[in-house]
Amino acid sequence: DEVNLRAGGRIAAIHQAGACAWESYDAATRTGLLLAADAADIAPWEWASPLKRLIAWATRDEAFGLLHGAVIGDARGGVILAGTTGVGKSTTAAAALLAGLSSAGDDLVMVSWDDQGNVVAHAAYDSVKLSEDTLCLVGMFAPNSSTASGPGIAKHILRLTELGSGR
């Protein structure tokens, strides 16, 4: 359903047949474009992290960029939870938030380095996607969440700031 196109290092593009949508990025002009025939056809899980491909393409050669992972911690520091889809990054981040820790993001986070060479995590999106089983596991329910569903996906989309009371 997806077609990825590359023109050297300059143009990156993807076509999503199911959504009848194109995303493209021109590195020379630093111009990104998302075209969709109908916004209602964009996959529900894309709303949790809009324009993620364009941001990743735009930051490819920068000293910062998007990382597939979650970040949890407190005032003393934090940890990046990285791994493939389904290993429990979101579940761990949700449980940590409910236990009083903070989060700089789930699924995708922006990372950079400070003057001392330390990794600094920045929230890229204010969303976490949790399955019904995960909600039960961490002892919560999601009456005000939207639902992302698709092939192999049935998750609630919640706001991190609401889950962690703004932490």
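Two strands pair if DSSP finds at least two bridges between them; strands themselves (E, at least two residues) and helices (H or I, at least four) are DSSP runs, numbered from the N terminus. In this sense, alanine 13 has serine 24 in β3 as its bridge partner. The two strands concerned are β2 (residues 11-16) and β3 (residues 21-26), which pair in the antiparallel sense over 6 bridges. Together, β2 and β3 form a hairpin with 4 residues between them, and in this turn cysteine 20 has a positive phi of about 50°.

The structure is a predicted model, in which local features need pLDDT of at least 70 and side-chain atom pairs count only at pLDDT 80 or more, whereas totals for chains, interfaces and linings use all residues. Residues are numbered from 1 along each chain as its sequence is written, and side-chain values use heavy atoms, with hydrogens and water left out.

Confidence is expressed as pLDDT, the predictor's confidence in each residue, from 0 to 100. The protein chain averages 83, and 87% of the residues score at least 70. Among the elements of the chain, β4 has the highest mean pLDDT (93) and strand β11 (residues 146-150) the lowest (59). Where pLDDT is low, the predicted coordinates should not be read in detail.

As a whole, the protein chain comprises 4 helices and 12 strands. Of its 167 residues, 37% count as buried; buried means under 20% relative accessible area, exposed over 50%, and partly exposed in between (1.4 Å probe, protein chains only). The chain exposes about 9,500 Å², of which carbon and sulfur atoms supply 57%; accessible areas come from the Shrake-Rupley method with a 1.4 Å probe, and for residues only the protein chains shown count as cover. With contact meaning heavy atoms within 4.5 Å, residues 24 or more positions apart account for 48% of the contacts with a separation of 6 or more.

The cysteines may be considered next. A disulfide is here a pair of cysteine sulfur atoms within 2.5 Å, and by this rule the count comes to 0. Cysteine 20 counts as partly exposed because its relative accessibility is 44%, while cysteine 136, at 58%, counts as exposed.

Strand β7 (residues 102-105) contains serine 103, which is classed as buried because its relative accessible area is 15%. A polar atom of the serine 103 side chain lies 2.9 Å from the backbone oxygen of valine 71. The side chain of serine 103 also reaches the backbone nitrogen of glycine 105 at 3.0 Å.

Which residues does aspartate 107 touch, not counting those up to four places away in sequence? They are Leu67, His68, Gly69, Ala70 and Lys129. The C-alpha atoms of aspartate 107 and histidine 68 are separated by 5.5 Å, although the two residues are 39 residues apart along the chain. With lysine 129, aspartate 107 makes a side-chain to side-chain polar contact (3.0 Å); a polar contact is a pair of N or O atoms within 3.5 Å, where within protein one must be able to donate a hydrogen and the other to accept it, and residues adjacent in sequence count only if both atoms are side-chain atoms. Aspartate 107 is placed in the loop between β7 and β8 (108-113) and is buried, with a relative accessible area of 18%.

Backbone geometry also deserves attention. Most residues other than glycine have a negative phi. Aspartate 107, however, has a positive phi near 75°, and the phi of leucine 51 is likewise positive, near 60°. Leucine 51 lies in the loop between β4 (31-36) and α1 (52-58) and counts as partly exposed because its relative accessibility is 42%.
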